[in-house]
Amino acid sequence: MAETSGYNFAYLDEQTKRMIRRALLKAIAVPGYQVPFASREMPMPYGWGTGGIQVTASIVGRDDVLKVIDQGADDTTNAVSIRKFFKRTAGIETTTQTHEATIIQTRHRIPEEDLRADQIMVFQVPIPEPLRFLEPRETETRKMHALEEYGLMHVKLYEDISQHGHIATTYAYPVAVKQRYVMDPSPIPKFDNPKINRSPALMLFGAGREKRIYAVPPFTDVHSLDFEDFPFEIQTWREACALCGATGSFLDEIVTDDAGGRMFVCSDTDFCEKRREAGHAGPALAAEGAV
Amino acid sequence: MYVPVKGGERAIENAHKLLAEERRGNRDTPDLDVAQIDEQLALAVDRVMTEGSLYDRELAALAIKQARGDLIEAAFLLRAFRTTLARFGYSIPIDTGQMVVRRRISATYKDLPGGQVLGPTFDYTHRLIDFSLLEGADPENLEEGESDMGVTPHVLNILDREGLMEPANGSSGAQERGEDGEVHVGDLTREPLEFPADRDIRLQRLARGDEGFLLALGYSTQRGYGRNHPFAGELRLGEVRVGFVPEELGFEIEIAEITVTECEMVNQFKGSKNVSPQFTRGYGLTFGHCERKAMSMALVDRALRAKELDEEVEAPGQDEEFVLAHADNVEATGFVEHLKLPHYVDFQSELELVRRMRAEIEAAKVRNGDAEQIEAAE
């Protein structure tokens with residue numbers, strides 16, 4: 001694809017990149033702490049991943065290989081659009097394969113495949129403040145983080161259990177980073193939370209509209225909040241992926257007709273394709289093969 | 001077999017082509033000229049320049065054309081362009097006291113130095129649809145009159161002389177000064193908004209803020225949610241010079257003449273423990289001719305000074321975090337509209353939980369039912 005002329009490599013000017021890199025370094029030095037940064041207006045709307053895009057634009061080099069996913073899939077419209085943006089403004093190589101990527105920008109998922117130390121995850125974050133829905137004021141929540149005053153969060157989780165028998169948070173499930181800052185892992189399903197814990201890959205989080213950057217350095221302890229008698233659990237499915245037969249992956253539910261018909265398929269499209277290439281087949285494909 | 005929904009590049013490309021087609025509309029109708037938008041939809045251009053924070057009439061008009069008349073979208077286009085521009089430095093503050101006034105009214109004095117100048121205003125027009133415009137009728141030509149207007153002093157300075165009005169930089173008269181003794185003015189576009197914000201940052205945020213949002217908030221203060229007894233001390237529209245000192249020259253040069261609307265509200269203040277009763281100010285300034293916005297901004301600015309003036313903060317309009325966090329329409333529209341993006345992973349997570357909780361309740365019901373039956377049998 002032709003590179004767009006008239007703009008700097010990866011769109012942002014070098015001064016802006018430097019400002020963002022400084023925020024990133026601070027974020028890595030203080031894991032889980034939200035660093036304010038002078039987020040720029042990007043040529044796509046706030047809420048479309050402007051935080052993640054600015055982070056990616058600041059760290060990407062000419063030799064990087066970029067993968068962009070939304071809901072785990074490489075072919076969702078916004079993932080396509082962001083990938084195209086970097087192809088155009090940076091002329092870099094892109095991929096849909098997790099193992100080929102050096103930078104993976106994501107919205108709402110972490111790939112199923114294990115990440116490596118030479119990979120960086122960039123998360124798009126809508127509301128970086130895990131305490132925001134308990135306390136709307138930034139002046140208050142900053143104080144609460146400073147004083148490590150997280151009682152309110154534990155009370156919320158406890159009330160969930162007493163009212164519903166479950167912790168009623170299923171995505172953007174709060175974690176404690178290195179036993180200090182409580183952090184919003186972005187709206188990934190809690191299924192993905194364990195993947196952040198002691199991950200060899202660096203995890204960077206960018207919130208453009210809210211103007212915050214935070215990070216989890218490699219091999220950092222990340223604990224999903226829970227209670228001794230109500231330990232953290234991830235989602236499970238009774239079904240296997242209809243296409244590749246996987247049982248341990250996060251499944252999307254696809255409605256196939258208006259008579260209650262549905263099937264479950266891997267949300268991570270690359271993971272699913274790899275398994276099919278390796279000869280695995282789920283019920284839908286097996287049935288087709290039999291015909 | 002089910003084929004996963006390939007959102008894909010082609011769908012996006014086709015959508016963009018369709019959008020371009022719709023923007024153009026019926027090709028039998030002449031294409032809209034950017035100059036026409038600039039000249040004849042001038043107030044739309046003014047609003048887009050103000051909320052887009054960029055004074056460029058042609059670009060704003062072009063943005064309106066590209067955005068099919070969606071003014072928030074146009075402001076967004078302008079902002080996204082503006083952020084890529086190099087910064088050469090900061091201009092010298094404009095002096096609205098030196099404004100070449102086209103319109104200037106005060107609701108607090110019947111007459112005053114410089115006079116009341118109505119200028120181009122919708123006020124006092126009867127809102128009857130003018131069907132002659134359908135035929136493209138031109139208004140009568142105006143004779144060029146003699147302007148006898150010199151420099152028009154600010155109304156609020158008249159009160160100031162009596163000590164009835166607080167100084168322009170706040171009741172305390174104090175301003176943040178750096179080590180060099182210079183007044184430091186923040187730059188919202190270069191530093192993230194942090195709370196509590198000083199008035200310079202607040203005013204910048206309000207100036208970029210959505211007209212409708214500020215209008216509603218200003219209105220709410222009039223209706224008792226943080227009432228601050230406002231009078232339109234002065235509203236002025238006209239041209240001011242923009243001066244700039246390039247480092248390599250070392251002296252001021254004029255780089256532009258821009259149109260601005262300025263509103264200074266006069267608000268009652270009963271005084272507090274430390275300050276005797278005097279009038280206080282609310283300030284509004286916009287690019288171009290945006291009276292509604294300038295007045296709303298002045299009302300909200302004054303309401304946001306509640307804490308500084310030892311007033312109780314009890315209404316939305318006085319709540320700094322509430323107002324400043326939500327005033328920007330480019331941010332707001334992005335986050336509201338992002339709900340259109342796929343959320344099926346999160347939704348799946350919720351589905352799974354709701355199904356599980358419902359199943360547990362059903363199971364409990366069945367168990368209780370069994371227990372009752374056994375009891376009945378016994």
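How many residues of domain 1 of chain B are in contact with how many residues of domain 2 of chain B? I looked this up to begin with, and found 9 residues of domain 1 in contact with 11 residues of domain 2, where contact is taken as C-beta atoms, placed from the backbone, lying within 7 Å.

**Conventions.** I note that this is a predicted model, in which local features need pLDDT of at least 70 and side-chain atom pairs count only at pLDDT 80 or more, while totals for chains, interfaces and linings use all residues. Residues are numbered from 1 along each chain as its sequence is written, and chains are lettered from A and ligands numbered from 1 in the order in which they are written.

**Domains of chain B.** I took the bounds as domain 1 (9–82) and domain 2 (96–121 + 149–171 + 187–327), and these come from an automatic or database domain assignment. The side of domain 1 of chain B that touches domain 2 of chain B divides into 4 nonpolar, 2 polar and 3 charged residues; here Ala, Val, Leu, Ile, Met, Phe, Trp, Tyr, Cys and Pro count as nonpolar, Asp, Glu, Lys and Arg as charged, and the others, Gly among them, as polar. I also read off that the C-alpha centres of the two domains lie 29 Å apart.

**Between the chains.** The contact takes 49 residues from chain A and 42 residues from chain B. On the side of chain A that touches chain B, the largest share, 4 residues, comes from H3(A), and that side divides into 19 nonpolar, 18 polar and 12 charged residues. Helices (H or I, at least four residues) and strands (E, at least two) are DSSP runs, numbered from the N terminus.

I then followed helix H3 (residues 77–90) of chain A to helix H1 (residues 8–24) of chain B, and found that their axes come within 9 Å and cross at roughly 85°. Axes are lines fitted to C-alpha atoms, for helices over the stretch in contact, with angles running from 0 to 180 degrees between N-to-C directions. H3(A) and H1(B) are therefore roughly perpendicular to each other, given that angles under 35 degrees count as roughly parallel, over 145 as roughly antiparallel, 65 to 115 as roughly perpendicular and the rest as oblique. Thr77(A), Val80(A) and Ser81(A) meet Gly8(B), Glu9(B), Ala11(B) and Ile12(B) here, and the residues of this contact divide into 3 nonpolar, 3 polar and 1 charged.

I traced an open sheet of 4 strands in the order S1-S2-S3-S4 with antiparallel pairing, two strands being paired if DSSP finds at least two bridges between them. The edge strands are S1 (100–105) and S4 (280–287). Strand S2 (residues 230–244) and strand S3 (residues 253–267) pair over 14 bridges, and Phe244(B) stands opposite Ile253(B) in S3(B). Helix H9 (residues 291–304) packs on the sheet, touching S2, S3 and S4 of chain B, and its direction makes about 145° with that of S4(B).

Helix H7 (residues 199–208) of chain B packs with H9(B) at an angle of about 150°, with the axes 10 Å apart, which makes H7(B) roughly antiparallel to H9(B). Arg202(B), Leu203(B), Leu206(B) and Ala207(B) meet Met297(B), Val300(B), Asp301(B) and Leu304(B), and I sorted the residues of this contact into 6 nonpolar, no polar and 2 charged.
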